[in-house]
Amino acid sequence: MVHTVRGWFDRHTSSSDRFFCKLDFKNAFNVLSRQHFLDACASHFPSLSRWTTWCYQDSSRLQFGAHSLESARGVQQGDPLGALLFAAALQPLALELRQGPLDLAAFYLDDGVLAGPADAVAAALSHVQLRAGQLGLELNLTKSELVAVCNLNPADVAGLFPPDLVGADGSGRVRRNFELLGASVGDADFLAAGATAQVGQAAALLDALGSLPDPQVALRLLRACGGMPASSTLCGVCRPWPNSPAS
């Protein structure tokens, strides 16, 4: 998804009407309508349907000391099926967006992106707001980000996009450098700074693990937090420099 977005930006660097919007939902996993993912599970994963229904058809009582809370929305934290159920509920919306005039519409769980002409992105954003409400979700425009590919005056799009996204006068909300799924997307300096920061964090983590007195604890933490999966992810989302052999 990161490389697809970067490729889209590369293809439209000279476009004068292309916009990219990164979507953010409020507390998405905890407020998703359970009926929607139960229906999606019955349709796409019938072998899991009876188990999922047994787990989620009725409210769950969460106990904390003398206090109890009836949990009736969203997936339970720690549920191994939680990500699958969330994605299944959101899949119809993703398919609807792909039928429109957008250049790009994709979701990785609760992280969504829209890209295309300004009017198409604005219309898709309105559709997402409507359908999100039907799914029990709420789009958080104050944390969503709008990116203009070309160098234009943000005030020119103030009337096209919601004020929470671009500001009343169009200033301060149109960004050209941003992060997507933990990876940097933007100009060369921003990419270099992001990669350097991630490498610095990884080096600090490894140094801290090496200073632990118990090697078994250090190994356990290394496997869980700083081993090959973390390194592979970092390498996978970093873009090769233009003068590197890989490019």
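Which residues form one aromatic cluster? Please go through the pairs ring by ring, then turn to the cysteines and the surface.

Modeller: The cluster is formed by Trp8, Phe9, Phe20 and Phe178. Keep in mind that this is a predicted model. By the ring-centre rule, the count comes to 10 aromatic pairs. Take Phe9 and Phe178 to begin with. Their rings sit 6.0 Å apart, centre to centre, with 45 degrees between the planes. That pair is tilted. It links distant parts of the chain. Phe9 belongs to helix α1 (residues 2-11), while Phe178 belongs to strand β7 (residues 178-180). The two residues are 169 residues apart.

Now the burial of this pair. Phe9 has a relative accessible area of 14%, so it counts as buried, the cut-off being under 20%. Phe178 is at 2% relative accessibility and therefore counts as buried by that cut-off.

Phe178 also pairs with Phe20. Here the ring centres are 5.1 Å apart and the planes meet at 25 degrees. The pair is stacked because planes under 30 degrees apart count as stacked. This pair, too, links distant parts of the chain. Phe20 lies in strand β1 (residues 18-23) and Phe178 in strand β7, 158 residues apart. Both Phe20 and Phe178 are buried.

Next, the cysteines. The structure holds zero disulfides. Cys55 shows why for its own sulfur: the closest cysteine sulfur, in Cys41, is 9.9 Å away, too far for a bond. A disulfide needs the two sulfur atoms within 2.5 Å. Cys55 has 25% relative accessibility, so it counts as partly exposed. Cys21 is buried, with a relative accessible area of 0%.

Last, the surface. Leu206, Leu219 and Leu222 form a nonpolar patch there. Together these leucines have about 220 Å² of accessible area. One of them, Leu219, lies in helix α9 (residues 215-226). Its relative accessible area is 34%, so Leu219 is partly exposed.

To return to your request: the cluster holds Trp8, Phe9, Phe20 and Phe178. Through Phe178, strand β7 is paired with helix α1 and with strand β1.

Terms used: Residues numbered from 1 in each chain as written. Predicted model: local features only at pLDDT ≥ 70, side-chain atom pairs only at ≥ 80, totals over all residues. Heavy atoms only, no water. Buried < 20%, exposed > 50% of the residue type's maximum accessible area, 1.4 Å probe, protein only. Patch = residues over 30% accessible without salt bridge, like charges linked within 9 Å, V, L, I, M, F, W, Y side chains within 5 Å. Areas by Shrake-Rupley, 256 points an atom, 1.4 Å probe, with all protein chains shown as cover. Salt bridge = Lys/Arg side-chain N within 4 Å of Asp/Glu carboxyl O. Helix = DSSP H or I, 4+ residues; strand = E, 2+ residues; numbered from the N terminus. Phe/Tyr/Trp six-rings, centres within 6.5 Å; stacked < 30°, edge-to-face > 60°.
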